[in-house]
Amino acid sequence: MTSTTADRATSASVFVVPDYDTLCDLVTNRIAALVHDKPNAVLGLATGSTPLGVYDRLARRHAGDGLDFSQVTCFNLDEYYPMDANSPHSYHHFMQENLFSRINCPRWFVPDGQPRGEAEIAHACRDYEARIAASGGIDLQLLGIGRSGHIGFNEPGSPPDSRTRLVTLHAMTRQDAADSFGGLGNVPRQAVSMGIGTILDAREIVMMASGAAKASIVQSAWTEDVADHVPASWVRLHPNARLCLDTDAASLLPHENR
Ligand code: F6R
């Protein structure tokens, strides 16, 4: 495997807040401000446990303050493969349950995990990229970070110019998903994910991490060389990116990196 590296330079800024609730307030405020200022904003969204508090807050802003998503378009980062969109394990289902059944956003897309041939998958991935481009590109991409260093399901080794494609999940990623699938053997080995290049094309990136379990990978991503063995490190080179952490996730980050 060839490895691409850059240097340690970082354009992105780091915000550290005391706890998960404050972290979610911070990120929710940024997304709500964007939707308020640009009613037809295009959002890139993540699944996983980290953004759940943000989705709940956005739904409550919609219900309570009338935050309007009627002209917003959303693209999710990834979906397991193979995966039926109607399965309770699908990211499609996750987004429906946690956000889209609770707000008035008519246009939301999740990569399609239905099983099919290689050529058809490649075609669907190109379509996903084309749909993002046709929507005007992503204004704000929300990211979590996996313990493997992945963003989306771009595992170590994913090059910075990668686009939406079929990927193989890291053993640690499958292990982390085992409980929710009722055992490691039930976790898919592959996924369809936006690429690092797709993510870096967003006009703004907000990467969130919470909890001590993320401290070590946050430290690697933010203090070691920018390199494809820690995919999240590429976010540091984006001209308009923020890393938003609670104190537990930031606990191994030297003060000069904050
Ligand atoms: C999910 C995704 C992943 C998660 C990451 C962190 O769509 O793209 O990169 O953001 O695995 O997951 P949590 O938030 O569950 O720790």
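The legends below describe close-up views of a predicted model. Local features are given where pLDDT is at least 70, side-chain atom pairs count only at pLDDT 80 or more, and totals for chains, interfaces and linings use all residues. Residues are numbered from 1 along each chain as its sequence is written, and side-chain values use heavy atoms, with hydrogens and water left out.

View A. Parallel pairing links 7 strands in the order β1-β10-β9-β6-β2-β3-β5. Strands (E, at least two residues) and helices (H or I, at least four) are DSSP runs numbered from the N terminus, and two strands pair if DSSP finds at least two bridges between them. The edge strands, β1 (13-17) and β5 (107-109), each pair on one side only. On average, neighbouring strands of this sheet are turned by 15° against each other, direction ignored. Helix α3 (residues 91-100) packs on the sheet and touches β2, β3 (73-76) and β5; the direction of α3 makes about 145° with that of β5. Axes are lines fitted to C-alpha atoms, for helices over the stretch in contact, and angles run from 0 to 180 degrees between N-to-C directions.

View B. Strand β9 (residues 205-209) is largely enclosed by the rest of the structure, because 5 of its 5 residues are buried. Buried means under 20% relative accessible area, exposed over 50%, and partly exposed in between (1.4 Å probe, protein chains only). From β9, I205, M207 and A209 point one way, whereas V206 and M208 point the other way. Strands β6 and β9 run parallel and are joined by 3 bridges, with I205 as the bridge partner of Q141. Between β9 and strand β10 (residues 241-246), also parallel, there are 5 bridges; here M207 stands opposite L243. Strand β6 (residues 140-143) also pairs with β2 in the parallel sense, over 2 bridges, and Q141 is the bridge partner of G44.

View C. In G152, a backbone N or O atom lies 2.8 Å from an oxygen atom of the ligand. The ligand taken alone exposes 410 Å², and the protein buries 87% of that. Accessible areas come from the Shrake-Rupley method with a 1.4 Å probe.

**View D. T50 in its loop.** T50 lies between β2 (42-45) and α2 (52-65) and is buried, with a relative accessible area of 10%. Beyond its neighbours within four places in sequence, T50 is in contact with Y20, C24, M208, A209, S210 and K214. Contact means heavy atoms within 4.5 Å.

**View E. V218 in helix α7.** V218 belongs to helix α7 (residues 215-223) and is buried, at a relative accessible area of 3%. Leaving aside its neighbours within four places in sequence, its contacts are I145, A209, L243, L245, A249 and L253. The C-alpha atoms of V218 and A250 are separated by 7.2 Å, although these residues are 32 residues apart along the chain.

How values were computed. A polar contact is a pair of N or O atoms within 3.5 Å; within protein, one must be able to donate a hydrogen and the other to accept it, and residues adjacent in sequence count only if both atoms are side-chain atoms.
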